[in-house]
Amino acid sequence: MGERALFDQIGEIIRGSTPPRLGHPHIHVRHNGVKAWFGDPAPQREHYEAQIIPAALTPGAHHHAIEIGFHAEHPAEPDNQAALTHLLTTEPTWRADLGDEPRTGAFLGRTTWRRISETWPDADLTGPDIPFEIGVRLVDYIRALEPHRKRV
């Protein structure tokens with residue numbers, strides 16, 4: 001299976017597994033990843049993503065890694081930090097659902113963006129269960145974070 005097909009499958013898992021109460025997920029599949037967001041159909045600066053990243057960005061990786069989680073990618077760093085800070089106010093709640101794996105802070109490879117994500121070093125992208133494993137884990141992030149993401 002090619003990487004584009006892998007992320008197409010993950011997109012379908014997101015569509016089929018996202019709780020209806022969160023709204024309709026918008027999905028954008030690329031050759032190296034998939035993004036999901038809610039609300040406005042235009043791509044959003046705050047979104048959920050699973051993507052292949054270079055090994056150099058992940059301790060312990062030799063070939064590549066999969067990153068799964070939430071990203072804030074606004075043009076201005078203070079907006080990204082505000083999005084992360086807001087989610088950190090509810091960390092005990094979402095951490096109970098996501099566990100210790102998620103790391104928070106600067107985006108991998110771009111320090112002005114922010115993330116709550118985990119990496120899977122050298123994940124076997126050819127395994128028959130990998131689309132399901134990545135898709136379900138990304139939906140875990142959606143379920144845990146999206147109810148807390150909206151700022152009033």
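1. Lys35 is partly exposed, with a relative accessible area of 21%. The model is a predicted one.

2. The side chain of Lys35 forms a salt bridge with that of Glu73, at 3.9 Å from N to O. This pair connects distant parts of the chain, with Lys35 in strand 2 and Glu73 in the loop between strand 4 and helix 2, 38 residues apart. The cut-off for a salt bridge is 4 Å, so the 3.9 Å pair is counted. Glu73 is buried, at a relative accessible area of 8%.

3. A second salt bridge joins Arg137 and Glu118, with an N to O distance of 2.8 Å. It also links distant parts of the chain: Arg137 is in helix 4 and Glu118 in strand 6, 19 residues apart. Both Arg137 and Glu118 are buried, Arg137 having a relative accessible area of 12%. Through shared partners, salt bridges connect Glu101, Glu118, Arg137 and Asp140 in one network. Beyond four places in sequence, the contacts of Arg137 include Ile68, Leu98, Pro102 and Trp120.

4. An α-helix has 3.6 residues a turn, so residues three or four places apart point the same way. Arg15 is partly exposed, with a relative accessible area of 38%. Over the whole structure, the search finds 11 salt bridges.

5. Which residues of helix 3 are buried? They are Trp94, Arg95 and Leu98. Viewed down the helix axis, these residues fall within an arc of 105°, so they line one face of helix 3. Pro92, Ala96 and Asp97 are exposed on the other side. The buried residues pack against helix 2, strand 5, strand 6 and helix 4. After helix 3 comes Gly99, with a positive phi near 85°.

6. The largest nonpolar core contains 33 residues, and those with the most contacts inside it include Phe7, Ile14, Val34 and Leu145. Elements giving two or more residues to this core include helix 1, strand 3, strand 4 and helix 3. Helix 4 gives the most, with eight residues. Leaving out residues up to four places away in sequence, Ile14 touches Pro25, Ile27, Val34, Ala36, Leu138, Val139 and Ile142.

Key: Residues are numbered from 1 along each chain as its sequence is written. This is a predicted model: local features need pLDDT of at least 70, side-chain atom pairs count only at pLDDT 80 or more; totals for chains, interfaces and linings use all residues. Side-chain values use heavy atoms; hydrogens and water are left out. Buried means under 20% relative accessible area, exposed over 50%, partly exposed in between (1.4 Å probe, protein chains only). Contact means heavy atoms within 4.5 Å. A nonpolar core is a set of buried Ala, Val, Leu, Ile, Met, Phe, Trp, Tyr and Cys residues joined through side-chain atoms within 4.5 Å. Helices (H or I, at least four residues) and strands (E, at least two) are DSSP runs, numbered from the N terminus. The arc is that of the directions from the helix axis to the C-beta atoms.
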